[in-house]
Amino acid sequence: MSYSVKVIDHYENPRNVGGFDADEAGVGTGMVGAPACGDVMKLQIKVGENGVIEDARFKTYGCGSAIASSSLVTEWVKGKTVDEALNIKNAQIAEELALPPVKIHCSILAEDAIKAAVADYRKKQGGEA
Amino acid sequence: MHLPIYLDYSATTPVDPRVAKKMIPYLSGHFGNPASRSHSFGWTAEAAVEEARAEVAALVKADPKEIIWTSGATESDNLAIKGVAHFYGETKGRHLISVKTEHKAVLDTLRELERQGFRVTYLDVRENGLIDPETLKAALCDDTALVSVMLVNNEIGVIQPIAGIGDLCHERGIIFHVDAAQATGKVDIDLSALNVDLMSFSAHKTYGPKGIGALYVRKKPRVRLEAQMHGGGHERGFRSGTLATHQIVGMGEAFRLAREEMATENTRVRQLRDRLLQGIARMEAVQVNGDMTARVAHNLNVSFAYVEGESLMMALKDLAVSSGSACTSASLEPSYVLRALGRPDELAHSSIRFTLGRFTTEEEIDYAIGLLWQKVGKLRDMSPLWEMAQAGIDLDTVQWAAH
């Protein structure tokens with residue numbers, strides 16, 4: 001498997017690895033994938049009172065493309081509103097990282113991780129309201 | 001020390017320089033066709049072929065007349081299995097037995113015979129990768145024509161108990177084939193004492209050239225085969241085609257060196273393999289796949305839990321190793337061998353096969369150990385599964401969204 005320069009860069013220097021306290025207000029946590037399938041992504045967003053994503057963290061169990069896809073989306077969601085973040089599509093991720101066809105599922109998983117993190121954030125907001 | 005470090009000797013080995021040296025004259029000066037009976041070019045080539053045949057036979061204590069040249073172990077497996085099925089299908093029966101952890105050269109050949117109407121039983125292995133002779137006994141039928149079991153597994157290096165299996169087959173008049181591609185130069189093979197009827201060999205796993213192999217076909221009692229390659233009736237009709245003299249000379253020399261140096265080489269390689277194992281055994285959540293006793297000296301197959309195999313391979317790009325996960329080959333299936341041991345998929349996904357060899361050094365092993373600590377640690381710091389395991393969460397109780 002030959003990886004693109006961008007995948008290798010994200011893999012070797014992953015951005016925003018880590019996590020936030022999932023119970024903290026404004027934090028949304030999304031965990032997608034399954035160990036048996038070879039990929040699990042955990043994406044966390046920290047949303048300000050203005051609805052803008054201030055910070056993001058990830059941890060990923062998976063191949064180089066999965067790690068790169070999740071690293072990339074942590075960069076992309078920062079500074080976006082949650083609605084804007086939901087507009088990030090897997091095709092954009094796949095294109096940016098030049099993922100080969102067999103690795104498209106990694107980009108789909110990254111998109112799902114954003115959706116799951118936003119859903120968790122909204123659930124918490126709704127709960128508080 | 002050169003990078004990457006080659007730790008994939010079970011995939012293939014370099015040709016030993018002594019082997020290459022012996023092969024070269026047969027490419028130009030001694031180029032004759034060993035089948036040419038009318039001049040010295042042919043006689044010279046024939047003498048070289050027969051000398052090599054005697055060396056191959058000597059390594060496994062067979063009679064040189066029992067050795068048939070082929071293009072490699074895959075062809076030997078095909079010739080043995082299809083040859084027996086087609087010759088004995090009408091007399092002995094149309095049932096064949098093998099094992100789930102066999103090499104694809106055996107499994108795919110059996111699948112083809114299933115398409116032709118043969119019935120095949122694929123035996124399970126125990127958790128340590130070894131087959132239980134009782135399981136085999138229970139699978140034998142009145143119409144079983146052939147049992148095929150590998151001597152040394154290519155992924156986990158376990159040594160199957162072929163002596164006992166051979167005795168079982170012999171009692172029942174069933175033909176027994178053994179794929180020994182991974183075994184030559186690694187374990188002692190004594191065909192004069194074993195109840196084995198057919199045995200496949202490869203040169204390139206034992207410091208010989210690629211593209212040459214052999215099949216042992218027992219003389220007493222005589223085993224018959226239906227040829228799969230027709231042509232000039234070479235190799236007593238078992239396998240037609242002009243003999244590749246230089247390749248054959250290489251295989252002979254490689255097997256001669258294996259016979260002479262096996263004992264000392266295995267001692268040295270075992271020390272290095274054990275050094276590697278000790279170096280990583282202190283790491284948390286590391287598991288060896290396959291029995292450690294009934295195992296060749298040069299193989300170590302390890303699962304690093306909570307990290308994924310392909311990303312580990314990527315991190316270990318300075319090591320030429322194999323992954324138990326087939327992620328790299330488009331399918332996302334983990335190794336069927338590790339699955340047959342009952343390993344959960346995530347451990348099968350995170351396994352690495354290290355196979356050491358003649359040219360592996362202590363310095364290389366120490367470098368590999370250091371790299372493994374560093375990279376496994378980095379990937380675990382990045383792994384949500386590791387984080388959960390550290391927090392005491394049992395991953396089997398988590399409801400995963402399978403995709």
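How many of the seven residues of strand β5 (residues 144–150) of chain B are buried? In this predicted model, local features require pLDDT of at least 70 and side-chain atom pairs pLDDT 80 or more, while totals for chains, interfaces and linings use all residues. Residues are numbered from 1 along each chain as its sequence is written, and chains are lettered from A and ligands numbered from 1 in the order of writing.

Seven of the seven residues of β5(B) are buried, a residue being buried if 20 or more other C-beta atoms, placed from the backbone, lie within 10 Å of its own. Strands are DSSP runs of E of at least two residues and helices runs of H or I of at least four, numbered from the N terminus; two strands pair if DSSP finds at least two bridges between them. β5(B) pairs in the parallel sense with strand β3 (residues 95–99) of chain B over three bridges, B:T144 being the bridge partner of B:H95. Five bridges join β5(B), also in the parallel sense, to strand β6 (residues 175–179) of chain B, where B:V178 is the partner of B:V149.

In chain A, three strands form an open sheet in the order β1-β2-β3 with antiparallel pairing. Its edge strands are β1 (27–34) and β3 (53–61) of chain A. Strand β2 (residues 39–47) of chain A is joined to β3(A) by eight bridges, and A:I45 stands opposite A:A56 in β3(A).

Between the chains, 24 residues of chain B are in contact with 24 residues of chain A, contact meaning C-beta atoms, placed from the backbone, within 7 Å. Helices α8 (309–315), α10 (345–349) and α12 (384–390) of chain B each supply at least two residues of the side of chain B that touches chain A.

How values were computed: Two residues are in contact if their C-beta atoms, placed from the backbone, lie within 7 Å. A residue is buried if 20 or more other C-beta atoms lie within 10 Å of its own, exposed if 12 or fewer, and partly exposed in between; C-beta atoms are placed from the backbone.
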